[in-house]
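This report describes one protein chain for a reader who is new to structural description. Please consult the sequence and the three-dimensional view while reading.

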Amino acid sequence: MEEKVGPFTFISNFDSGNLARAERVKTEDASSSPEDCDGAVVINPDFDYNVWTAPDCAGTEFENQNRTWFYFGIKGGQPGKLLRINILNLNRQGKLYGQGMTPLVKVVPSR
């Protein structure tokens with residue numbers, strides 16, 4: 001998949017890439033208060049996207065309905081802007097993150 005959505009291009013047309021779909025979240029004007037009702041600071045991103053992954057081993061004889069990982073790329077945007085990505089259809093990952101695993105994000109300079 002390679003699809004331009006807003007100012008970004010979402011890419012997963014490489015070995016093990018598994019992004020199925022991406023869509024920009026419609027945001028309403030943020031309130032003037034930087035805190036929510038619990039007193040926590042709310043950070044509003046400049047760009048907000050929902051993404052869905054393909055099933056594990058999609059397109060092979062081993063395809064199943066699990067979605068335990070994600071691997072995709074994004075091109076575009078401007079330095080200094082905040083991008084939020086909501087991955088919506090993964091299986092529960094609480095055990096992985098409870099054992100110290102974290103998502104890997106790599107930012108490379110554009111050329």
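With which residue does glutamate 23 form a salt bridge? Its partner is arginine 21, and the closest N and O atoms of the pair are 4.0 Å apart. A salt bridge is here a side-chain nitrogen of Lys or Arg within 4 Å of a carboxyl oxygen of Asp or Glu.

The model is predicted: local features need pLDDT of at least 70, side-chain atom pairs count only at pLDDT 80 or more, and totals for chains, interfaces and linings use all residues. Residues are numbered from 1 along each chain as its sequence is written, and side-chain values use heavy atoms, with hydrogens and water left out.

**Overall architecture**

The protein chain contains one helix and six strands, arranged along the sequence as β-β-β-β-β-β-α. These elements are DSSP runs numbered from the N terminus, with helices (H or I) of at least four residues and strands (E) of at least two. The C-alpha trace spans about 50 × 35 × 25 Å along its principal axes. Of the 111 residues, 22% are buried; buried means under 20% relative accessible area, exposed over 50%, and partly exposed in between, with a 1.4 Å probe and protein chains only. Among contacts (heavy atoms within 4.5 Å) between residues at least 6 apart in sequence, 60% join residues at least 24 apart.

**Salt bridges**

Side chains of opposite charge can pair when their charged atoms come close. The structure holds two salt bridges, listed below.

| Salt bridge | Closest N and O atoms |
|---|---|
| Glutamate 23 and arginine 21 | 4.0 Å |
| Arginine 84 and aspartate 48 | 3.0 Å |

Arginine 84 lies in strand S6 (residues 83-87) and aspartate 48 in strand S4, so this pair ties together parts that are 36 residues apart in sequence. Aspartate 48 is buried, at 7% relative accessible area, whereas arginine 84 is partly exposed at 37%. In the other pair, glutamate 23 is partly exposed at 35%, and arginine 21 is partly exposed at 41%.

**A buried arginine without a salt bridge**

Where is arginine 67 found? This residue belongs to the loop between strand S4 (47-53) and strand S5 (73-76). Arginine 67 is buried yet has no salt bridge; glutamate 63, the nearest side chain of opposite charge, is 6.7 Å away. A polar atom of the arginine 67 side chain does, however, lie 2.9 Å from the backbone oxygen of threonine 53. Not counting residues up to four places away in sequence, arginine 67 touches several residues, including Pro55, Asn89 and Gln93.

**Positive phi angles**

Most residues other than glycine have a negative phi. Serine 16 has a positive phi of about 75° although it is not a glycine. This serine 16 is found in the loop between strand S2 (8-11) and strand S3 (19-24), and it is partly exposed at 41% relative accessibility. Cysteine 57 also has a positive phi, near 60°. Cysteine 57 is placed in the loop between S4 and S5 and is partly exposed, with a relative accessible area of 39%.

**The helix**

Tyrosine 97 lies in helix H1 (residues 94-98) and is partly exposed, with a relative accessible area of 38%. Leaving aside neighbours within four places in sequence, tyrosine 97 is in contact with Phe70, Thr102 and Pro103. Tyrosine 97 and methionine 1 are 96 residues apart in sequence, and their C-alpha atoms are 27 Å apart in space.

Methods: Lys and Arg count as positive and Asp and Glu as negative; His and the chain ends are not counted. A polar contact is a pair of N or O atoms within 3.5 Å; within protein, one must be able to donate a hydrogen and the other to accept it, and residues adjacent in sequence count only if both atoms are side-chain atoms.
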